[in-house]
Amino acid sequence: MTDGTPGPGAAPDPGVAADPGTAADPGVAAGRTDGTAAAGSAGPPLLHVVPGPEAHGVVRHGLLVHDALAADLLRCDRLDALPDGALAGRSVVVQVTDRVLAGDPDAGLVTWRRVLRGAVRVSVVLHDLPQASDGRWRRARSTLYATVAAESDEVVVASHHERLLLAAALRWARPASARQVLARVHVIPLPVERSAPAAEPTSPGTSVVTLGYVYPGKGLEEVVDAAAAAARDPRLAGRAVEVRNLGRASDGHDDLVEALTARAAAAGVSWSTTGWVDDEDLPGLLAGAGVPVAAHQHLSASGSIATWLAAGRRPVVLRSRYAQELADRMPGALTLVDPGRLAEAVADALADPAMTRLDPSVRLGPSAAEAGRLLGEVARGPAVSVVVPYYRDQELLDLILRRLDAQTGVVGGLEVVVADDGSPEPPDVSACALPVRVVRQEDLGFRAGAARNLGARRARGRVLLFVDGDTVPEDGYAAALQRVCLASPALAAGRRRHADLRAVARGGGRPWPPVEPLAEPGWLADGFAASDDLRAADDGSFRYVLSAVMAVPRVVWEVVGGFDEGLTGYGGEDWDLAWRTWLAGADLRHVPGAVAWHDGPDLAGRPEGQEAERLARVKNGETSRLAPRLPHPLVRGRGWVHEQPDVVVVLRAGGWTPGQVEVVTESVLRLGDVGVWLDGVGEEEDGPAGLLRAAGGGRVHLGLPPPPVLGRARACVEVTRPVVVLRLPWAPYPHDLTGTVDGTGSADGAGSVLVADDASGVRVVATRSRGRRLLHGEPLPAAWLPEGWVEPVDGHVVVERWRQAHP
């Protein structure tokens, strides 16, 4: 809400006084209402976090809807007053605008992550959505709001207009996950309900009145000009028109008071502002106003309009997307006018005061109780979702559901989503006491990745857990993985053990967990031991992640986009997901205490797999499916050419000669599994485009690399001027990324060789570095090659002679 929120009967306006209500000390205070835990959940009840000073409109809105939430209340001056992990272990709903988080948008994002770390479920109510009128702050505010939304489980805004503003911020700052985030955005309008009936004015109204803080861009100048023009209307002859504002100047904008006073005097009317207005005085001032006006055109949601309506007034409102939405939702509540007709509308209202009184038949809403109840319904949901891909195995599904019923230690509640991969008959989940939903897809062959994606899209948990339809979790499985995923953005791998589960599924007194395990794969245990349970993971550690026993925070899942649904058939989709997740900046973790039992031996230990020919066929088929997507040499080998390169190179080649383009392109193609994209070149046959068509080979492209290609490449190299690139800052696999966060370590392990000086014209950004900036807020390291690692290329270069000099 950009102009504040409303007063008695609605969310109060920040330019008027606030009723302390149930708020405690404005430092940090937590108070239990009669909140209780949601059905089926574990742990303490919902916590409603309302940061900000008592008079702030966001605070007043939060306190207004709080009673209907049946939640605990936490108040603080600003969110940055809370300690690290202050909300850990709680399901929370937070009222948010950047001004109540921290001193600026960048600090606000750091505060959000610091304070919310460990919260088991997060719902956020966003206010003051970023828009074009924010000017120089728009980029920073868009990043903040998009990130807060992406890292929340449910998002609430006050209008469909605000949802569109959020969509714009997401498309700019979080394009990879914008669609998924918008799918969980809910519109709950600001509360507006009638207060005491408005008193009739004692004399014909001659005042034009605005409400709330005085600040730039609120449209107050337009109101002064419109009132001055209206005063010349013959119907108002002999009546002195004044313009008043109910409220005080916003901090730092006292100069506007003098400017507006002078502007009005020059136009032949008067302008004044009341300063602070106490709650008990506000109803009389609202009732006595001649013409209520809201002239702000850059609204995300308006508390002042709601305040006028609550007082029984029908304000004159400039037409905007938000104002039109209000008018459509509450017919007859507003007098909508185009900007060019504001003076005419003010004159009409001054001449006919009855048109500013709200007709009793106009239906307002929602009430504060309704808005609070809707918010509670949104905020209460499971903290953990278990996705089970399924195909025609009711016996093991029954066992899985029984063991999920028996899970212990999960905080915030657990749900199950069974994703049926086209079984002839749907699974029966009626015996499970947990919330369970079944989603189904058509039988088009083995599509476990697509089934898991389908289940994840329907899940509501902050943490997504996966167990395969032939894999049964021990009772502490979900809690162990939940703890790891709440500690940091991480892809967590549980421990998969092996046993004959059919006898357990059929009962007969068999113990749980099984006491006669089969052998576990040694290569997997060795990998976990060598990497300290993946704490020392490197670029090859994707091989140790099995989708049958895996967990991931929702925010990470949405950044990487889930499983690649083009990978069908047995195996490989988990390695591909883990590779992209590693590059996206997530931590990898093995959680030995998260144990689930697989029915039967590992592939290499199965009786039919003893035949070397069959085992080789299965594993080689998996490798062949992965090679076009996953460029690591352990999968792809060396010397092969695929559309997905290991390293993406973008040549900013606008204005370069064809000779420069050819030489620079060849210099980077010599450096390994590289794909080149030429940006800024035309389609001339004798230019770079003609060279590209002649060269072919699938390694050189026009335009910019698509996001999926960037997401699978370990680095993006941007060449901003025509230079030969002599080398890139990493040794050959498998030592290139080991021990470095950003993948830019030198061959001898001495640290990054990149510099802050852009003299070379070649920028190198490791994909994992870019991902860690997004997920963890880590700064990007220095990103330019040393100047000595490049050679300038003259515009008149003769390619054949260059090749002679560079064999």
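**View 1. Contact of helices H4 and H10.** In H4, His160, His161, Leu164 and Leu165 meet Arg321, Tyr322 and Glu325 of H10, where contact means heavy atoms within 4.5 Å. These residues divide into three nonpolar, two polar and two charged; Ala, Val, Leu, Ile, Met, Phe, Trp, Tyr, Cys and Pro count as nonpolar, Asp, Glu, Lys and Arg as charged, and the others, Gly among them, as polar. The axes of H4 (residues 160-173) and H10 (residues 321-329) come within 8 Å and cross at roughly 145°. Axes are lines fitted to C-alpha atoms, for helices over the stretch in contact, with angles from 0 to 180 degrees between N-to-C directions. Helices (H or I, at least four residues) and strands (E, at least two) are DSSP runs numbered from the N terminus.

The model is predicted: local features need pLDDT of at least 70, side-chain atom pairs count only at pLDDT 80 or more, and totals for chains, interfaces and linings use all residues. Residues are numbered from 1 along each chain as its sequence is written, and side-chain values use heavy atoms, leaving out hydrogens and water.

**View 2. Helix H13 and its cover.** Buried residues of H13 are Leu396, Leu397, Leu399, Ile400, Leu401, Arg403 and Leu404; buried means under 20% relative accessible area, exposed over 50%, partly exposed in between (1.4 Å probe, protein chains only). Their cover includes strands S14 (384-390), S15 (414-420) and S21 (587-599), and helix H16 (502-505).

**View 3. Surroundings of Val764.** Val764 is found in strand S27 (residues 762-766) and, at 2% relative accessibility, counts as buried. Not counting residues up to four places away in sequence, Val764 touches Cys716, Val717, Pro729, Trp730, Leu754, Ala783 and Leu785.

**View 4. The largest cavity.** About 100 Å³ of space lies in this cavity. Of its 15 lining residues, the closest to the centre are His61, Val125, Val156, Ile188 and Pro189. The lining has twelve nonpolar, three polar and no charged residues. On a 1 Å grid over the protein atoms alone, a cavity is a set of points where a 1.4 Å probe fits but cannot get out, and lining residues have an atom within 4 Å of a point. Grid points are joined across faces, edges and corners, and a volume is the space filled by probe spheres set on the points.

Conventions
1 Å grid on protein atoms, 1.4 Å probe; cavity = no way out; pocket = protein on both sides within 12 Å on 5 of 7 lines; lining within 4 Å.
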